[in-house]
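Student: Hi! I have a new model open and would like to talk through how it packs. Can you take a look with me?

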Amino acid sequence: MVEPAPCCMDHREHYRLDAELFDYADTSDRLSADFDRRLHSGILRKLQGGGILADVGSGDGWVSSFLAGKRFQVIHFDLSHANLRRIVERRGDVNGPAAAVADAYSIPLRGGAADAVILSEVLEHLEDPARAIRETARLLKPGGRLLIAAPYREKIRYYLCIHCNRMTPANAHLHSFDEGKLGALLDDGGFDVASRSLIGCRLFLVTRASYLLRWLPFGVWRLFDRAFGLAAGKFMNIVVSARRR
Ligand SMILES: [Zn+2]
């Protein structure tokens, strides 16, 4: 069998168009929106201290909406001007928020300026995740925190693109991650893993049990999530906190 070559790639233009064409905040269904809220809580619970937080690949800015008025000053970086405009319009406050169009490989911030960096559901979209990790290491002070969230052991599906007859991955996910792969990337990039957790047991979500328990505080919800995980294994996401050496 002939292995078709992948689509040629222009990731900057792709994500610029993606944000113009789709508003994920509007289109996500209630169940996935509810899980997103849980995942985001799970990520931010690993955040300690305060200072400058670079949200790299910020999308429409859930990080700052969770952290509004808290101890971090968030700077949003995204390839899409449309996404950044949504953040600014939603916040609408006098002092910000700070936002710049930028590529994860090259963030317009001086070295060592950031106390924390978030890469949430970004790495799986990048051709060269190691390069983005190295860039976050450059941004962070020694001891600064990098929080990564990514789909866990995702089985990437491919489609044959009707325009160019080449293979293209669903949701533009180029990589699948697990503990070992992220651990190696972080170690090579100058980080020590501080903690990692799997979140969103598939069975807990697809049975709607997670949604039915949406009124539970996060900590209690997590007990159920873990219990389902013990019984039924598969989790949707991995969240890793790493410390810059
Ligand atoms: Zn194509």
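Tutor: Happy to! Let me set up a term first: two residues are in contact if their C-beta atoms, placed from the backbone, lie within 7 Å. Helices (H or I, at least four residues) and strands (E, at least two) are DSSP runs, numbered from the N terminus. This is a predicted model, so local features need pLDDT of at least 70 and side-chain atom pairs count only at pLDDT 80 or more, while totals for chains, interfaces and linings use all residues. Residues are numbered from 1 along each chain as its sequence is written.

Student: Good. What covers the buried residues of H6?

Tutor: The cover includes the strands E1 (51–56), E4 (114–120), E5 (140–151), E8 (191–201) and E9 (235–244), along with helix H7 (179–189).

Student: And which residues of H6 are buried?

Tutor: In H6, which runs over residues 129–139, the buried ones are Pro129, Ala132, Ile133, Glu135, Thr136, Ala137 and Leu139. Buried means that 20 or more other C-beta atoms lie within 10 Å of a residue's own; exposed means 12 or fewer, and partly exposed is in between, with C-beta atoms placed from the backbone.

Student: Now H7. Which of its residues are buried?

Tutor: Leu182, Leu185, Leu186 and Gly189 are the buried residues of H7. They cover an arc of only 95° around the axis, so they sit on the same side of H7. That arc is taken from the directions from the helix axis to the C-beta atoms.

Student: Why would residues three or four places apart point the same way?

Tutor: Because an α-helix has 3.6 residues a turn.

Student: What's on the other side of H7?

Tutor: Gly180, Ala184 and Asp188 are exposed there. The buried residues of H7 have H6, E5, E8 and E9 among what covers them. Just after H7, Gly190 takes a positive phi of about 95°.

Student: Which residue other than glycine has a positive phi near 55°?

Tutor: Asn165 does. Asn165 lies in the loop between strand E6 (158–160) and strand E7 (167–169), and is exposed, with 10 other C-beta atoms within 10 Å. Ala172 also has a positive phi, near 60°, and its place is in the loop between E7 and H7.

Student: Zooming out, how many helices and strands does the protein have?

Tutor: There are 10 helices and 9 strands. Of the 245 residues, 36% count as buried.
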